[in-house]
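Here is a short briefing on one protein chain. Look over the sequence and the model, then read on.

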Amino acid sequence: MRTLVLLALAGLGAQLVDGSLGMAYGVTSTTLLLAMGTNPAAASATVHLAEIGTTLMSGAAHWRFGNVDWKVVAKIGVPGAVGAFLGATVLSSLATGVAEPVMSLILLGLGLYVMSRFTFRGLPKGQLGKPLRKRFLSPLGLVAGFLDATGGGGWGPVGTPALLASGRMEPRKVIGSIDTSEFLVAIAASLGFLFSLGSQGIDFLWVLAFLLGGLVAAPVAAWLVRLVPPRVLGSAVGGIIVVTNVRTLLKSDWIGATGAVSSAVYVLLYVLWGAAVAYSVRAYRRERAAEPVAEEPQTVGA
C-alpha cells in the first residue's frame, strides 16, 4: 500500500512538471521505476499505459485554457505514434541486462539536455505567427516518439524545445500542443508493448496509482503553466533525472564503480545541480527585473 501511495504522489508530481514544462512525465516516472528494479520494457509500458489517461486529461485541460494548436497536434502526433510503436517493439526485444543501462543512458542524455537547456537558455523568444511546416513536424514527431518508447520518456524533452526554438508559437501553446499530441504516442507505445510482451511484468495497480496521481495534477498543471517559472523548474527536474540515472549506470555491469568513486561522482553532480538551479533563479530574477513596467496613468491637476 505504501508503494502505491508513493507511486501516486510521484505521478502527481511528474504530471505537475509535465503540464507546466511540456516534458518530463515519462522521464521522471520511468527513472523512478528503474530505481525500484523494474524491468526496462515493463517500466516504459507501465508509464505509457498510465499516460493514456493523464495525457487525455491534460489535453482536455489545455484545450479548456486555450493552449492547443490542433494543426500542430495532427502533424506531429501521427508520426509520433508510428515512432513510438517502433520504439516499443525494439525495446521489448532487448535483454534486460542490456536494456537497463541503454535506457538509463538515454534518460541521462535527456536529463542533461533538459537541465542545460533551461539553465543556460531559458525559454527562447522569436517571431510568432509563422506556420510550422509538416516537413519539420513529421520527422521531429517520428524521432521523439521512438525515443519516448525506448527511453520511457522523450516526447516532451525532444518536441517541446524544438517547437520553442522555432519561435513561431507561444510557449503555453507549445506545451499544450505537445501534451495533447502525446495521447496518440501513449496509445501507440502501449499497443507496441502489449503486442510484444503481453501483460508480462506489468503491474496494473502501479499503472492505476500513476494514473490517479496524474489525473489530479493535470488540470492544475494546465493552469500553472501561466504562473510557474519554467526556467527554474526545468533545471531542478533535469538534475533529478541526471543524478538518478548516473546512479543506475554506476551500479551497472558496464561500469561497476566502487563506493569511493560513486561517492565522488555524486558530490560533483550535487554541486553542479545546485549551481544550475541557483544560476536559473538569478537569471529568472534578472529577466523579471528587465521587463518593462507599465506606467501609471497621470492625473491632470485642476
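Is Phe-195 buried or exposed? Phe-195 is exposed, at 63% relative accessible area. Buried means under 20% relative accessible area, exposed means over 50%, and partly exposed lies in between, with a 1.4 Å probe and protein chains only.

This is a predicted model, in which local features need pLDDT of at least 70 and side-chain atom pairs count only at pLDDT 80 or more, while totals for chains, interfaces and linings use all residues. Residues are numbered from 1 along each chain as its sequence is written, and side-chain values use heavy atoms, with hydrogens and water left out.

**Overall fold**

- The protein chain has 11 helices and 0 strands. Both are DSSP runs numbered from the N terminus: helices (H or I) need at least four residues, strands (E) at least two.
- Of its 302 residues, 49% count as buried.
- The accessible surface of the protein chain is about 14,300 Å². Carbon and sulfur atoms account for 68% of that surface. The areas come from the Shrake-Rupley method with a 1.4 Å probe, and for residues only the protein chains shown count as cover.
- Contact means heavy atoms within 4.5 Å. Among contacts between residues at least 6 apart in sequence, 86% join residues at least 24 apart.

**Nonpolar cores**

- A nonpolar core is a set of buried Ala, Val, Leu, Ile, Met, Phe, Trp, Tyr and Cys residues joined through side-chain atoms within 4.5 Å.
- The largest nonpolar core has 39 residues. Val-72, Ile-76, Leu-163 and Phe-193 touch the most other members.
- Several helices each supply at least two residues of this core, including H2 (25-35), H3 (40-64) and H4 (70-92). Helix H8 gives the largest share, 7 residues.
- Beyond its neighbours within four places in sequence, Phe-193 is in contact with residues including Ala-41, His-48, Leu-91 and Ala-149.

**Thr-119**

- Thr-119 sits in helix H5 (residues 96-120). Thr-119 is buried, at 2% relative accessible area.
- The side chain of Thr-119 reaches the backbone oxygen of Met-115 at 2.6 Å.
- Setting aside neighbours within four places in sequence, Thr-119 is in contact with Arg-231, Ser-235, Ala-276, Tyr-279 and Ser-280.

**Helix H11**

- Helix H11 (residues 259-290) has 32 residues. From first C-alpha to last, H11 reaches 46 Å, close to the 46 Å expected at 1.5 Å a residue. The expected span is 1.5 Å times one less than the number of residues.
- Buried residues in H11 include Tyr-266, Ala-276 and Ser-280.
- Arg-282 is found in helix H11. Arg-282 is partly exposed, at 46% relative accessibility.
- Arg-282 and Val-232 are 50 residues apart in sequence and 9.3 Å apart in space, C-alpha to C-alpha.

**Aromatic pairs**

- The structure holds 3 aromatic pairs. Rings of Phe, Tyr and Trp (its six-membered ring) pair if their centres lie within 6.5 Å; planes under 30 degrees apart count as stacked, over 60 as edge-to-face and the rest as tilted.
- Phe-85 and Phe-195 form an edge-to-face pair, 6.2 Å centre to centre with 70° between the planes. The pair links Phe-85 in helix H4 to Phe-195 in helix H8, 110 residues apart.
- Phe-85 is partly exposed, at 32% relative accessible area.
- Tyr-270 and Trp-273 form a stacked pair, 6.3 Å centre to centre with 25° between the planes. Both lie in helix H11, 3 residues apart, about one turn of the helix.

Note on methods: A polar contact is a pair of N or O atoms within 3.5 Å; within protein, one must be able to donate a hydrogen and the other to accept it, and residues adjacent in sequence count only if both atoms are side-chain atoms.
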